[in-house]
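This briefing concerns the single structure displayed below. Please keep the sequence and the model in view while reading.

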Amino acid sequence: MGNMHGTIYRNGKKIDVGYGVPTTCEHPRCNEQIDRGLGYVCGNSHGGDEYSCGGYFCGQHLYGAPEGHHGNRCALCRERGADPTEDLEDAMVATFD
Ligand SMILES: [Zn+2]
Ligand SMILES: [Zn+2]
C-alpha cells in the first residue's frame, strides 16, 4: 500500500513526490517542513484533480474536503469549491515506479 516515491507532472513540471521527499508548505510565507506524502497533498492523490491543486501543505493550511469529496484541500481550493482547474490534463499524467 502506498508509494514511497514517484514522479508526476504538475503544471507542466516534473516533480518528485512521496513520503521520502522533503519540502516546505506551499502556502505563501509558510516555511513549515513537510514531505510530499499523501498526508500533505491538496486533493485525494498526487497531482490533484478537478477540485484540488495537488500542492503540499502543512496541517495548518490543509483542510478537510467538503462533504461528498475525499482527501484534503488547501485554503485556495476550499474557497474555489468545485471549479475545475486549467491544469487538469497535466495533473492526470502520473507515473509511479
Ligand atoms: Zn489546493
Ligand atoms: Zn503551512
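How many of the residues of the chain count as buried? Of the 97 residues, 28% are buried, a residue being buried if 20 or more other C-beta atoms lie within 10 Å of its own, exposed if 12 or fewer, and partly exposed in between, with C-beta atoms placed from the backbone. This is a predicted model, in which local features need pLDDT of at least 70 and side-chain atom pairs count only at pLDDT 80 or more, while totals for chains, interfaces and linings use all residues. Residues are numbered from 1 along each chain as its sequence is written, and chains are lettered from A and ligands numbered from 1 in the order in which they are written.

**Fold**
- The chain contains two helices and six strands, which are DSSP runs numbered from the N terminus (helices: H or I, at least four residues; strands: E, at least two).
- Along the sequence, these elements follow the pattern β-β-β-β-β-α-α-β.
- Among contacts between residues at least 6 apart in sequence, 43% join residues at least 24 apart; a contact requires C-beta atoms, placed from the backbone, within 7 Å.

**Core**
- The largest nonpolar core has 12 residues, including C25, I34, Y40, F57 and C77.
- Such a core is a set of buried Ala, Val, Leu, Ile, Met, Phe, Trp, Tyr and Cys residues joined through C-beta atoms within 7 Å.
- In soluble globular proteins, nonpolar side chains tend to be buried together.
- Beyond its neighbours within four places in sequence, Y40 contacts I34, D35, Y56, F57, C58 and L62.

**Loop residues**
- N11, in the loop between β1 (6–10) and β2 (13–24), has a positive phi of about 55 degrees although it is not a glycine.
- N11 counts as partly exposed because it has 15 C-beta neighbours inside 10 Å.
- R29 is placed in the loop between β2 and β3 (33–36), and its phi is positive, near 70 degrees.
- R29 counts as exposed because it has 5 C-beta neighbours inside 10 Å.
- N31 also lies in the loop between β2 and β3, and its C-alpha atom is 9.0 Å from that of C58, 27 residues apart along the chain.

**Confidence**
- The mean pLDDT (the predictor's confidence in each residue, from 0 to 100) is 84 for the chain, and 78% of residues reach 70 or more.
- Confidence is highest in β3, at 97, and lowest in helix α2 (residues 88–91), at a mean of 49.
- Over residues 82–90 pLDDT stays under 50.
- Where pLDDT is low, the predicted coordinates should not be read in detail.

Conventions:
Two residues are in contact if their C-beta atoms, placed from the backbone, lie within 7 Å.
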